[in-house]
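Biologist: I'd like to learn how to read ring contacts in a protein model. Could you walk me through them?

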Amino acid sequence: MKKWLIAICSLLMIAGCSNSNSASEANKNDKHSLKKVSVVLDWTPNTNHTGLYVAKEKGYFKDEGLDVDIIMPGDAGADQLVASGKSEFGVSYQESITQARIQGVPLVSVAAVIQHNTSGFASPAAKNIVSPKDFAGKTYGGWGSPVEKSVISSLMKKENADVNKVSIVNMGDTDFFTAVKRDIDFAWIYYGWTGVEAELRGEKLNMVYLTDYSDKLDYYTPVIATNENMIKENPDTVKAFVKAASKGYEFAIKHPSDAADILIKDVPDLDPKLVKKSQEWLASKYQDDAPRWGEQKQKVWENYATWMFDNGLLEKKLDAKKAFTNKFLPQ
């Protein structure tokens, strides 16, 4: 849920075309010849990314003719790097891809990492924030995006409450647990990571999930993205990457403990207990009620884009059909 940076437009002007040799062709010519590509994470490594680490560790990417680097976003976010062609793939979000496409930036989602939105507004139980109306008179800590106030407002309207009675501050990089002890009352989190961490800490949270109050806020977050040039020039590479990633996430669904061990091995700075418990929590959420991992529905893209437009977050309506595709998912 990082804000969209306008600088992306200038990056597009220096985008270069990728090598047109497909991964399958590389394999055909030499089984040891792998096509090098990268995938940029949206944030520091966590269990949203486990399937990618599994695919790399277990050789699923190599089986598809790919040598994949998993890299951190740095100062330029994943969307900017993918849109500019500096990275072939990235971890993104439906909301940022929607904003990007409205600005003419040709990002495309090729798989939903998690089938339903698991995010919501969290607060320590002692603050007695159990529904949107309780936001009134409280301080929200966010990252400075207009979408935050709009989401809070839309939830509060359901209970005839006024968003102007909420104090909204930017908490920057301060972690949730520090912030709620210092100067904020609630924040927007993914339960699968921060919520699970609260359980391990023995700190009881109240959660106000977006999906409990609006179907239009049940959007895909996160997703795996590429750009239109990759799809046009290197469709076999995109297909190979998505196939291997699918196998990685399917492994994480069936074997969460083993998948967690792979992530812990590759990113030893992570708290092993948090990774294990988070992976267990997320295992059933990756695919959930979809016919296969990664599947996306046009209705979900249209619903959220309509919500964004109605709330003044988009200058025009989204052509949802161009924002995502399921064609690279394994049948």
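Modeller: Let's go through the aromatic pairs and then the charges over rings. This is a predicted model, where local features need pLDDT of at least 70, side-chain atom pairs count only at pLDDT 80 or more, and totals for chains, interfaces and linings use all residues. Residues are numbered from 1 along each chain as its sequence is written, and side-chain values use heavy atoms, with hydrogens and water left out.

Biologist: How many aromatic pairs does the structure hold?

Modeller: Rings of Phe, Tyr and Trp (its six-membered ring) pair if their centres lie within 6.5 Å; planes under 30 degrees apart are stacked, over 60 edge-to-face, and the rest tilted. Here there are 17 aromatic pairs. One of them, Phe121 with Tyr140, is edge-to-face, at 5.8 Å centre to centre and 80° between the planes.

Biologist: Which parts does the pair of Phe121 and Tyr140 tie together?

Modeller: Strands (E, at least two residues) and helices (H or I, at least four) are DSSP runs, numbered from the N terminus. Phe121 is in strand 5 (residues 119-124) and Tyr140 in strand 6 (residues 139-142), so their pair joins parts 19 residues apart in sequence. Ring pairs also link Phe121 and Tyr140 with Phe135, Trp143, Phe186 and Trp188 in a cluster.

Biologist: What about a charge over a ring?

Modeller: That needs NZ of Lys or CZ of Arg within 6 Å of the ring centre and within 35 degrees of the ring normal. Arg201 lies over the face of Phe177, 4.0 Å from the ring centre. The charged end of Lys285 sits over Trp281's ring, at 4.1 Å from its centre.
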